[in-house]
Amino acid sequence: MSSDFAAARLNMVESQIRTADVTDLPLQDALRVVPRETLVPAGKGYLAYADADVEYAPGRWLLRPRDVGKLLQHLRPREGDKALAIAAPYAAAVLEQMGVSVTRLDGDDLTAAPGSDYDVIICEGAVPRAPASWARALAQGGRLAVIEREGPVGRAVIYVRAEDGVGRRAVFDATPPLLAGFAVEQGFAF
């Protein structure tokens, strides 16, 4: 089966990214050239540009194009920034295309951030709550984007480190699967 991935990539940006109010032009340019199909398992390239979360390894998912585009736009990455991509191969490739220096964390333990003073941190998958170690790894003014999910619908949140601590704000709803190794703690509630 032959696929025109360049056309699919352009269609993804035009129909899934731009229509979701992702207006950052350098980000759009990077999304138009990063080959998402190289990050999915062999024979699954046709799923790379679908409006779906795509499993690239057991318990690891590429976010829907809309969701990763919106997360990246809220991070406001710029050339020369230092980034940490947690289980985020596509976001890492897009950031690198934008001239950002990226450290990738994709091992068994995703809770311990390697290094510190990151300008941006992104996670491509849902977690019940971002580990405190991720926020501690941010530089002054650094931003962390993650989807926190404890029920059927998650919230994309942005953490920002300031002099007086770390702030958190929700920016949109999303429904990606939970990352392997992160489980919602069950409790009783009325």
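Good morning, everyone. Keep in mind that the model is predicted.

Let's start with the sheet. Six strands form an open sheet, and their order is 4-3-5-6-7-8. The pairing is mixed. What does that word refer to? Strands of a sheet pair through backbone hydrogen bonds, either parallel or antiparallel. Now look at the edges, where strand 4 and strand 8, residues 165-174, stand. Each has a single partner strand, so one side of each is left without a neighbour in the sheet. On average, neighbouring strands here are turned by 15 degrees against each other, direction ignored.

Move to strand 5 and strand 6. They run parallel, and six bridges join them. Strand 6 covers residues 138-148. Find Ile122 as a landmark. Opposite Ile122 stands Ala145, in strand 6.

Next, the helices on the sheet. Helix 4, residues 89-97, packs on it and touches strand 3, strand 4 and strand 5. The direction of helix 4 makes about 170 degrees with that of strand 4. Helix 3 lies across strand 5, strand 6, strand 7 and strand 8. Against strand 8, helix 3 runs at about 150 degrees.

Let's stay with helix 3. How many of its eleven residues are buried? Eight are, so helix 3 is largely enclosed by the rest of the structure. Among the buried ones are Pro65, Val68, Gly69 and Leu72.

Asp67 also sits in helix 3. Is Asp67 buried or exposed? Its relative accessible area is 3%, and buried means under 20%, so Asp67 is buried. The side chains of Asp67 and Arg66 are joined by a polar contact of 2.4 Å.

Now go just past the end of helix 3. There, Arg76 takes a positive phi of about 55 degrees. Why mention that? Most residues other than glycine have a negative phi. Arg76 belongs to the loop between helix 3 and strand 3. Its relative accessibility is 47%, so Arg76 counts as partly exposed. Asp117 has a positive phi too, near 60 degrees. Look for Asp117 in the loop between strand 4 and strand 5.

On to the core. The largest nonpolar core has 60 residues. Which residues have the most contacts inside it? They are Leu72, Val94, Ile122 and Trp134. Strand 5 gives this core its largest share, seven residues. Take Trp134 and follow its contacts along the chain. Including Ile86, Leu110, Cys123, Leu144 and Phe182, they leave out residues up to four places away in sequence.

Last stop: aromatic rings. The count comes to two aromatic pairs. I'll show one of them, Phe5 with Tyr49. The ring centres are 6.3 Å apart and the planes stand at 45 degrees, so this pair is tilted. The pair links distant parts of the chain, 44 residues apart. Phe5 is in helix 1, while Tyr49 is in the loop between helix 2 and strand 1. Are these two residues buried or partly exposed? Phe5 is partly exposed, at 25% relative accessible area. Tyr49, at 8%, counts as buried.

That's the tour. Thank you.

Note on methods
Residues are numbered from 1 along each chain as its sequence is written. This is a predicted model: local features need pLDDT of at least 70, side-chain atom pairs count only at pLDDT 80 or more; totals for chains, interfaces and linings use all residues. Side-chain values use heavy atoms; hydrogens and water are left out. Helices (H or I, at least four residues) and strands (E, at least two) are DSSP runs, numbered from the N terminus. Buried means under 20% relative accessible area, exposed over 50%, partly exposed in between (1.4 Å probe, protein chains only). A nonpolar core is a set of buried Ala, Val, Leu, Ile, Met, Phe, Trp, Tyr and Cys residues joined through side-chain atoms within 4.5 Å. Contact means heavy atoms within 4.5 Å. A polar contact is a pair of N or O atoms within 3.5 Å; within protein, one must be able to donate a hydrogen and the other to accept it, and residues adjacent in sequence count only if both atoms are side-chain atoms. Two strands pair if DSSP finds at least two bridges between them. Axes are lines fitted to C-alpha atoms, for helices over the stretch in contact, and angles run from 0 to 180 degrees between N-to-C directions. Rings of Phe, Tyr and Trp (its six-membered ring) pair if their centres lie within 6.5 Å; planes under 30 degrees apart count as stacked, over 60 as edge-to-face and the rest as tilted.
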